Amino acid sequence: MDTDKENNVKHFLDLIQKSRRGKFKVYIGMSAGVGKTFRMLQEAHTLLKKGIDIKIGYIETHNRKETHELLDGLPVIPRRTIFYKGKQLEEMDVQAIISLRPEVVIVDELAHTNVEGSKNEKRWQDVLEILEAGINVISAVNIQHIESLNLEVKQITNVQVQERVPDSVLRLADEVVNIDLTAEELINRLKEGKIYTEDKIQAALNNFFQSDQILQLRELALKEVASQVVRKVENEVPQKVALKHEKLLACISTNDRTAKIVIRKTARLASYYNSSWYVLYVQTPKESNDKIALDKQRFLINNFKLATELGAEIIKIEEPKITDAILKVVQQKNITTVCIGKPHLNLFKVILSSNVFNKLLNSLSSLKIDLVILS
C-alpha cells in the first residue's frame, strides 16, 4: 500500500514537472545540407511576426549564403567567449538565455561537444537545462548523431560518428519533424555550392554524398520520425484503451563489443515499441570484484553508462547460475522480451555449456516471453 502511495505521489510530481518544462521541437535530417537550420530560421521569422518573444541561442550557418541572410532581423543572444589552449572560442551562453527567459529559443547542432571548461559537456545537456527553466526550445540534429543508430550509421558510411545524442533526449521532444530531400536533390544542392565550399565538393561526392548511402540514411531518418509519432500517439491514448506495453530485458556480459550491440539494438526495439527496458549483468563468482580484470571492469562501467544514456535501468546481480538470475528478473519486472547476443557471447557460452539453455527456453516459453538473439 505504501508503495502505491509513493508511486501516486511520484506520478503527480512528474506531471507537475512536465507542465513546468518548456516545449521541445526537434528537426531531424538524413545529413548536413538538407535544410534544418534554414527551416528553423524561417520558423523563427514566422513566430516573431506573430508577436512571440523568440531569440537565437546558437545557430550554425556554415557560411551558407541563403541561410545566413535569414539571420537578418532576428534577435541573437551573444555567445560567450572561452579561451582554450591559446585559442579564443565561442559557445552558447546558457546562463544568458535562462536570465533573459525568451518564450522560444533556437539552438542548432544538438550533438555538439562543448569546449572543455563549460558547465555541461554536451549541448543537449544545455538544452535540457533551458527546458527545465520553462523555456521552449527548437533544435536540430542529423540522424547519424542518434546514439542507438551509431552501429547502423557506421555500416552505411564506414564512419564512426563521435558526437552523439542519447535516444532519451529525443523521447523528451514534443514534436519531431523530418526535413526530407531525395538523394538527387541533396547531391544537386552540393554541386551548386549550397552545402560546402567549392574546394570540398568533390571530396564530399566521393565519400559521404553517394546515392546509396543517402538513401539508407534517408530511410533511417523516416523510420525514426515515424517511431516518434507512434510513441506520441500511444502516450496520448487513454491507458484503459492502450495496448499491452512491452518490457525488454537486455542481458550482457563483460564481452565489450557484443554488449554494445545488445544494448544499442535493444534500445532501438524499446524506442520502436515505446517501452521501458532493463540491462542485466549477472556477476558470477569468477568475475567477482576481486577477480575481474580491470579492463573488463572499465568496459562494463562504460556500457552501464551507455545503457543509462539510452534510457535503460541497470540491474546487477551476484549469482552463480545465470539462467536462474535471468528468470528471477523476468518475473520481478514482468518482462515480455529477453534480448541476448548471438552464440559467441560469453553469456550464451555459459548457457550452452550445460542443459540450462533448455531450461531457459522452456521457462520463457511457458511464461509466453519472447527470446531475441541479436547479432
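This is a predicted model: local features need pLDDT of at least 70, side-chain atom pairs count only at pLDDT 80 or more; totals for chains, interfaces and linings use all residues.

Residues are numbered from 1 along each chain as its sequence is written, and side-chain values use heavy atoms, with hydrogens and water left out.

**Stop 1: E1 and E7**

Now widen the selection to both strands. E1 and E7 run parallel and are joined by five bridges. (Strands pair if DSSP finds at least two bridges between them; strands are DSSP E runs of at least two residues and helices are H or I runs of at least four, numbered from the N terminus.) Strand E7 covers residues 175–179, and four of its five residues are buried, so the rest of the structure largely encloses it. Buried here means under 20% relative accessible area, exposed means over 50%, and partly exposed is in between, using a 1.4 Å probe and protein chains only.

**Stop 2: Lys-25**

Stay in E1, residues 24–29, and click on Lys-25. Is Lys-25 buried or exposed? With 15% relative accessibility, Lys-25 counts as buried. Show side chains and you'll find a polar contact of 3.1 Å between Lys-25 and Glu-43, plus one of 3.5 Å between Lys-25 and Tyr-27. (A polar contact is a pair of N or O atoms within 3.5 Å; within protein, one must be able to donate a hydrogen and the other to accept it, and residues adjacent in sequence count only if both atoms are side-chain atoms.)

Next, bring up the surroundings. Beyond its neighbours within four places in sequence, Lys-25 is in contact (heavy atoms within 4.5 Å) with Glu-43, Val-137, Ile-138, Ser-139, Glu-175 and Val-177.

**Stop 3: salt bridges**

How many salt bridges does a search of the whole structure find? The search finds 18, where a salt bridge is a side-chain nitrogen of Lys or Arg within 4 Å of a carboxyl oxygen of Asp or Glu.

Select Glu-66 and Arg-189 for one of them: their side chains meet at 3.3 Å, N to O. This pair links distant parts of the chain, with Glu-66 in helix H3 (residues 65–69) and Arg-189 in helix H8 (residues 183–191), 123 residues apart. Arg-189 is buried at 18% relative accessible area, whereas Glu-66 is partly exposed at 31%.

Then try Lys-194 and Glu-192, whose closest N and O atoms are 3.3 Å apart in another salt bridge. Glu-192 counts as exposed at 53% relative accessibility, and Lys-194 as partly exposed at 34%.

Move on to helix H10, residues 211–236, which holds both Lys-223 and Glu-219, four residues apart, or about one turn of the helix. Their salt bridge has its closest N and O atoms 3.4 Å apart. Lys-223 is exposed, with a relative accessible area of 52%, and Glu-219 is partly exposed, with 42%. Now jump back to Stop 2's lysine: salt bridges that share partners join Lys-25, Glu-43 and Glu-175 into one network.

**Stop 4: the five-stranded sheet**

Colour strands E10, E9, E8, E11 and E12. In that order the five form an open sheet with parallel pairing. E10 (313–318) and E12 (370–374) are the edge strands; each has a single partner strand, so one side of each lacks a neighbour in the sheet. On average, neighbouring strands of this sheet are turned by 25° against each other, direction ignored. (Axes are lines fitted to C-alpha atoms, for helices over the stretch in contact, and angles run from 0 to 180 degrees between N-to-C directions.)

Zoom in on E8 (residues 247–252) and E9 (residues 276–283): they run parallel, joined by six bridges. Look for Ile-252, which stands opposite Tyr-281 in E9.

**Last stop: zoom out**

Select everything. The protein has 15 helices and twelve strands, and 47% of its 375 residues count as buried.
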